[in-house]
Amino acid sequence: MTRRAILYLLAGLIMSGCVRLPSPGQPVTYHVLTDPGPIVPAPRTLAGTLLVREMDAPGLYQASNPVFSRSPGTRTYYQFARWSEPPAKRLTWLIRQRLEAARAFEVVSPLGGGVRGDYQLNTRLVDFYHDASMPPGVALLIVEAELVRRSDARLIARRMFVGQAPAATHDAQGATDAMGRAANQVIDDLALWLPQAAAGEGR
Amino acid sequence: MESEARYVWVGATVVVLLLILAGGLYWLSGAADRLPTKRFVVYFQKQSLEGLQIGSPVRMQGIRVGRVADYTILPDQPGTVRVVLEVDRRTPVLEGIQAVIARNLLTGLAAVDLTNTGQSRVPLMRVPAGETDPVIEEGVADLSRVAELVEDLGRTGHESLKRLNSVLSDENQRALAGTLHNLNALSGALHASVPELNATLAASRQAAQTLQASGESFTSVVRDSGERLARVTDAATRTLAEADTTLQATRASLTRMERELTGIAVSLRLTADLAAQEVEATGQSLRQASEALQAAGRGLADPVRILYGPLREELGPGEVRP
């Protein structure tokens, strides 16, 4: 029995030399989702602390691959492109950075950071992909946002934000650049809406 | 010639005599004394007009200023006589003037006396409807006032006599007699009760002395009680002061406990809030990790794709297979 096993192993090793595995087609590129601004200061700083909850995302967007779509209702990952970190997590950080810089609230902190908050911002990544059906294509970002008052767990306002930006080239680089601009639009709108909603004007 | 001259003298004399006769008649008729007059009307209802006749004088303050020109007993108003007066125009007949009948007690002749009441200084000129001359109001004669006073006096005296009679009626006299009898009996009983009253007074005096002695004893008792009460009060004051101190200490302790409880409640609320945040964040991370594991599992389920890479159809825009 032992002798037969050794024989099979040797035969396999000899045959493996005849087989050639395919090499990667091109190197994997990591793209960084950025928010170039501009940063517009809020008209007035609201008293209280805003806690930003990490953005919910469906399983498709929890991977680090950018997503594209060639036909309606389908989504596919770019194979040789990666985000530097999952897009929902990155978008959460970008939103928090923008709100802090705009001084819309006294304090802006992540949920679970040990800070007691007066308001809480919940966001959900609904869609974030490169529509490549018509080259060079368009980047689309849809985010749903809710503002909650934590003292009485009351929903103050809810809104859907949509950002669109045309891609410059029909490839991953053009797609990720356009997706960054779409994210910039959504963050602009969100930073403008949030203080109004908290002040009771955006309902 | 001589007879013609005599005729002239006779004629002239006759003419002169006739003129003198006419003048005398005019003087006798009183027309020379007549001055311009004004007519007034008086309706007399309350006074007797006995002795009044046409031509009777009309006087003001005792001076004759006119005469009675006419009078009429009104058939439709029994007891009312309409008298027309002619008064010298220079006489001040003013609004509110009154006319009364004044009668000479000896001759019985009557005259009309006019009296201005002084209420107005406006001459009486107004002529009422249905009249031809101004109407002077009828006044009350002084004699009438005296008669009314005498009549009132008699009426009051009569009333007083009637009341005196009722007071001195037989029934009241019997009641008065009964009262006097009772007073008599009472005085007799009092007289009989004098010894008893004296005994009562003596007993009262003794009782008063006893009461005085008791009062002195009571005073001493009260004095002792006061001293004891003062001691009790001192003790109670000390006890109250101690109780007050204890209460203050208790209040301070309660305040401190309340502060500490408030602090504990705040800490608990904060801890619960932070714990809830941690739980929520951890749950979210677990959920996402689970979904990521599922996605990875789906990718590992196809070893061919792991060994040979993605299919050509799975390549993104701009991506190429080797």
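**Entry 1: Arg53(A)**

Does Arg53(A) count as buried or exposed? I looked up its relative accessibility, which is 9%, so Arg53(A) counts as buried. I used these cut-offs: buried is under 20% relative accessible area, exposed is over 50%, and partly exposed lies in between (1.4 Å probe, protein chains only).

I note that this is a predicted model, in which local features need pLDDT of at least 70, side-chain atom pairs count only at pLDDT 80 or more, and totals for chains, interfaces and linings use all residues. Residues are numbered from 1 along each chain as its sequence is written, chains are lettered from A and ligands numbered from 1 in the order in which they are written, and side-chain values use heavy atoms, with hydrogens and water left out.

**Entry 2: Salt bridges around Arg53(A)**

I searched for salt bridges (a side-chain nitrogen of Lys or Arg within 4 Å of a carboxyl oxygen of Asp or Glu). Arg53(A) forms one with Asp56(A), their closest N and O atoms being 3.0 Å apart. Asp56(A) is buried, at a relative accessible area of 18%. Arg53(A) also meets Glu280(B) in a salt bridge, 2.9 Å from N to O.

**Entry 3: The interface**

I next examined contact, meaning heavy atoms within 4.5 Å. On this rule, 26 residues of chain B are in contact with 37 residues of chain A. The two chains bury about 2,400 Å² between them, 49% of it on carbon and sulfur atoms. Buried area is the accessible area (1.4 Å probe) that two parts lose on being put together, summed over both. Gln277(B), Pro317(B) and Glu319(B) supply 26% of the area that chain B buries against chain A, more than any other three residues.

I found 10 residue pairs in polar contact across this interface, both residues being at pLDDT 80 or more. A polar contact is a pair of N or O atoms within 3.5 Å; within protein, one must be able to donate a hydrogen and the other to accept it, and residues adjacent in sequence count only if both atoms are side-chain atoms. Helix 3 (170–300) and helix 4 (303–308) of chain B are the elements that give two or more residues to the side touching chain A. The largest share, 13 residues, comes from helix 3 of chain B. Helices (H or I, at least four residues) and strands (E, at least two) are DSSP runs, numbered from the N terminus.

**Entry 4: Thr123(A)**

Thr123(A) is found in strand 7 of chain A. Its relative accessible area is 4%, so Thr123(A) is buried. Not counting residues up to four places away in sequence, Thr123(A) touches several residues, among them Arg53(A), Asp56(A) and Val143(A).

**Entry 5: Helix 2 of chain A**

I checked the length of helix 2 (residues 87–102) of chain A. Its 16 residues should span 22 Å at 1.5 Å a residue, and its end C-alpha atoms are 22 Å apart, which agrees. The expected span is 1.5 Å times one less than the number of residues. Its buried residues include Leu91(A), Leu94(A) and Ile95(A). After this helix comes Arg103(A), whose phi is positive, near 60°.

**Entry 6: A pair within chain B**

Which side chain meets that of Asp152(B) in a salt bridge? I found Arg155(B), at 2.7 Å from N to O. Asp152(B), at 38% relative accessibility, counts as partly exposed, as does Arg155(B) at 47%.
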